[in-house]
Amino acid sequence: MANYFNTLPLREQLEQLSHAEFMETAEFADGVNALKGKKIVIVGAGAQGLNQGLNLRDSGLDISYALRKEAIEQKRDSWKNATDNNFTVGTYDELIPTADLVINLTPDKQHTAVINAVMPLMKQGAALSYSHGFNIVEEGMQIRKDITVLMVAPKCPGSEVRAEYLRGFGVPTLIAVHPENDPEGKGWPYAKAYCVGTGGHHAGVLKSSFVAEVKSDLMGEQTILCGLLQTGSILSFDKMVEKGIDAGYASKLVQYGVEVITEALKHGGVSGMLDRLSNPAKIKAFQISEELKDIMRPLFQKHQDDIMSGEFSKTMMEDWANGDVNLLKWRAETGETAFEKTPAGDVKIGDQEYFDNYLLMVAFVRAGVELAFETMVEAGIKPESAYYESLHETPLIANTIARKKLFEMNRVISDTAEYGCYLFDQACKPLLADFMKKVDTDLVGKNFNEGKDGSVDNVQLVQVNEILRSHPVEIVGVKLRKAMTAMKAIKTA
Amino acid sequence: MANPIVHIANLNLQYAGTTVLCDLNWRIYPGEHWIIGGKSGSGKSSLAKAMVKQEKASGEIIFRFDQSNPMLAQAYYVANWYQFANLEGDRNFYYQQRYNKQQRNDTLTVYADLIHFGKKQQLDFRDAEPILEALGFGNCRETQLIELSSGEHKKLQLVQALWLRPQLLILDEPYTGLDKRSRENFNSLLDDMANAGTTLVLISNDRNIPDAINRFAHIENGQLHAVSHLDEIKQDEQRQRKPFPYFLQQAPLVDHDTMVELRNVSVRYGEKEVLKNISWQVKAGEKWLLQGPNGSGKSTLLSLLNGDHPQAYATDIFLFGKKRGSGESIWDIKQKIGIISPELHWYFDKNATVWHAIASGFYDSVGWFIQVKYEEKKQIEQLLDFFDLLQDKDKLLHTLPLGKQRLALLARTIIKNPQLLILDEPCQGLDRSQTAHFNAVLDELSGYGKTLIYVGHYESQLPACLDNRLVLEKGEVVISERREKNSIAG
């Protein structure tokens with residue numbers, strides 16, 4: 001199978017990359033009607049599969065689960081998940097031929113095998129949905145021409161998709177229709193109805209394309225979301241220990257700090273995050289994040305280039321074919337770092353202390369978010385998409401670090417994200433070696449404001465604020481956050 | 001006189017800028033067992049929390065524990081509000097979560113939680129067994145924390161306290177949600193402990209208290225006042241009755257004469273059968289009392305009606321004339337129902353103000369709403385006024401005294417004048433006078449053509465309007481009958 005994106009002429013590549021339109025509430029006025037009475041069969045009953053199914057059924061739709069024969073015979077978790085909740089469960093052979101819409105919610109890596117098994121069983125004119133476009137765009141899967149192909153991608157873990165729905169909200173969602181597979185023009189009505197069924201329309205929906213989703217998703221996850229948080233966390237911890245800060249304190253500051261800091265990001269954007277600092281600390285964080293941006297820019301660009309050319313997915317799929325040798329090796333190495341092995345100390349760290357004593361992470365996050373956003377936009381991705389895949393998702397990933405550190409983060413994210421995260425981390429650490437030599441405990445481990453009188457040059461402060469607030473990620477962020485009326489604390493431990 | 005066990009002098013405590021305790025003095029001598037009652041918001045819980053350093057206060061608090069006393073030399077506080085975390089330290093729960101069956105191993109089981117507690121406190125598990133039995137909690141061992149009902153959660157807290165056997169035990173509203181039998185057994189266990197050397201401090205406005213209680217007090221103007229008898233404890237003044245807002249004096253439009261119909265409905269989780277062959281009809285205009293011991297299946301039954309239970313599909317349940325799973329959404333159902341329950345309260349959005357909480361009742365969401373119409377805003381104002389909550393409308397709901405939080409959530413429940421009201425222990429957390437007031441309000445409201453299902457444990461504290469009764473035991477219907485109004489049955 002050929003990489004789909006690479007088969008397109010440039011004008012078509014640019015056209016598909018530029019899909020990003022924030023949808024008005026009125027566009028969802030038809031509710032779930034387009035799918036009412038239709039037979040919907042979900043393949044896969046993991047976290048996304050089960051929770052989306054529960055939501056869709058609670059929205060009045062007809063849901064059942066198709067599982068592999070072995071999963072049913074051996075009563076695996078997926079089978080238990082579906083039957084314990086009174087869903088109809090059957091094999092592919094039993095259920096797929098009856099389906100008007102097949103929703104594929106299996107892990108990326110299984111997509112080719114699943115689609116090859118499912119497609120011959122699908123009836124003429126049925127629809128097929130994905131929640132990630134990798135299979136179509138990077139693997140170049142060809143879907144029968146009578147089948148409509150769409151995407152509904154909630155930008156949160158499955159458990160959140162359910163929790164927010166039952167609270168009467170939803171999670172931000174990206175929807176798309178594959179232009180090669182919309183023979184009857186029902187792609188958009190189906191995608192919208194499906195999105196309403198999950199509650200996504202309450203929280204902001206972006207009309208995207210398979211191409212835009214994949215190219216921005218890959219970029220975000222391997223650079224700012226996972227890669228940089230991993231690199232920044234490990235470097236910060238090692239620096240504190242080197243400088244004699246108590247290891248238990250350092251471990252706690254790093255594990256929970258990133259969550260507290262990015263919580264401010266979620267509500268007030270990059271400038272809101274920096275507003276949590278004192279004026280002198282803000283100016284310092286601004287200066288070092290400028291420096292970090294200059295150092296890391298070439299690496300961000302390389303990642304984006306490899307994603308666009310298909311080089312990244314080619315290398316990764318080679319590792320898949322090779323039994324995940326590299327992935328498993330890198331995963332094991334992450335489990336062995338000093339940060340991972342040092343339990344968080346039994347010390348209380350206040351909200352503000354996480355900012356004052358961890359200025360370095362504030363700088364890392366600003367540099368990473370802005371760089372990822374800038375690089376994506378330079379590559380032809382629209383600011384709205386770039387915002388979702390950088391700033392918006394950072395607090396969600398930070399939350400997984402707060403739960404059980406980096407090993408947990410890498411366990412929870414997709415294999416694709418994990419693979420890219422390791423690539424980034426390995427290249428980024430040596431790049432920052434000289435920079436880190438200059439870093440002392442005033443930036444990480446101790447209160448930056450200690451012994452300072454808080455005075456700053458007014459003109460300088462005004463300039464810094466102006467630069468922070470007028471960055472394009474802030475402009476689009478203000479607009480999108482306002483539209484996400486249901487924005488609230490997603491997870492707070 | 002012997003030295004006091006507890007010596008508190010000049011205790012001062014502020015909460016969000018207002019003075020709660022002001023130069024409070026209190027001594028507890030050996031042999032004394034106190035009950036502190038009195039008005040809601042007078043500072044009872046704050047005092048208890050200050051004693052165990054959960055709340056910051058200035059002044060002197062000295063404990064003199066007796067080394068010859070066999071009980072543990074410790075002050076132990078059982079809060080009126082619990083919060084557990086899942087295995088990952090997360091507290092982001094939602095109230096329907098315990099019915100969703102995928103997060104099986106997300107929280108500890110009761111047994112694992114007790115083992116954990118026992119290990120931390122170096123206790124012998126054999127000592128916990130009789131307590132579990134006495135509180136009727138023995139069969140909950142393998143239940144996950146998330147699956148417990150509110151009464152069962154309360155029991156778990158109490159089991160730990162009784163098992164620990166501290167020299168000073170401070171209990172903040174311990175009877176909340178307990179069924180009648182557990183409550184009697186609990187009181188006699190407290191008496192046993194008092195005899196064995198524990199000093200009791202009980203914060204409650206209940207009448208049925210352990211015999212050991214021999215000292216009575218309330219807090220007024222930030223100071224503790226001892227009184228000589230339970231009856232002298234100051235209660236909230238009788239509220240002034242106001243007329244109901246006009247929109248609630250209208251009978252709601254009813255879709256179907258039979259609002260709820262269950263035909264042989266069973267719910268099981270693996271081996272555990274939570275509901276067995278339940279058949280039940282609720283007709284428009286009926287007022288049902290739903291009763292049963294903790295864990296008998298009441299909450300599960302109600303969750304089937306409110307669209308909160310995934311197993312409501314593929315069963316014979318008809319709501320408002322339509323079979324469940326015939327294309328309706330849970331929002332269609334919720335739109336016709338006003339619900340309040342302890343679980344809804346526990347997991348309510350911490351960022352919601354009183355006004356937001358009430359407004360969210362129009363949309364059946366938890367603290368969030370789309371756009372409130374002018375007419376709806378007026379109705380919110382009227383209800384705020386009716387419940388005396390106008391001055392609190394912009395405060396965060398969870399910062400108010402428990403009793404006021406409940407009133408705000410009650411306002412949320414009735415704001416849309418729903419076809420069916422489901423009131424699952426609506427008075428939990430309210431004191432006697434608040435309960436009496438609420439019941440009077442409900443009796444009047446029910447006169448305007450409402451239909452309701454009411455869960456309550458204590459016969460003496462029920463509204464008079466309830467005309468039918470359904471009693472569950474171990475997931476089965478044991479009584480389903482018309483009820484004589486005002487009857488005070490067992």
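Leaving aside neighbours within four places in sequence, Ser278(A) is in contact with Asn449(A) and Gly454(A), where contact means that the C-beta atoms of two residues, placed from the backbone, lie within 7 Å. The model is predicted: local features need pLDDT of at least 70, side-chain atom pairs count only at pLDDT 80 or more, and totals for chains, interfaces and linings use all residues. Residues are numbered from 1 along each chain as its sequence is written, while chains are lettered from A and ligands numbered from 1 in the order in which they are written.

An unreviewed UniProt entry lists Ser278(A) and Ser414(A) under "binding site"; UniProt positions follow the numbering used here, feature names are shortened, and annotations may be inferred rather than shown by experiment. The two positions are spread over 137 residues of sequence and also in space, up to 37.3 Å between C-alpha atoms.

A residue is buried if 20 or more other C-beta atoms, placed from the backbone, lie within 10 Å of its own, exposed if 12 or fewer, and partly exposed in between.

In chain B, Ala359(B) lies in helix H9 (residues 354-359). Ala359(B) is buried because 24 other C-beta atoms lie within 10 Å. Ala359(B) and Glu376(B) are 17 residues apart in sequence, and their C-alpha atoms are 8.0 Å apart in space.

Terms used:
Helices (H or I, at least four residues) and strands (E, at least two) are DSSP runs, numbered from the N terminus.
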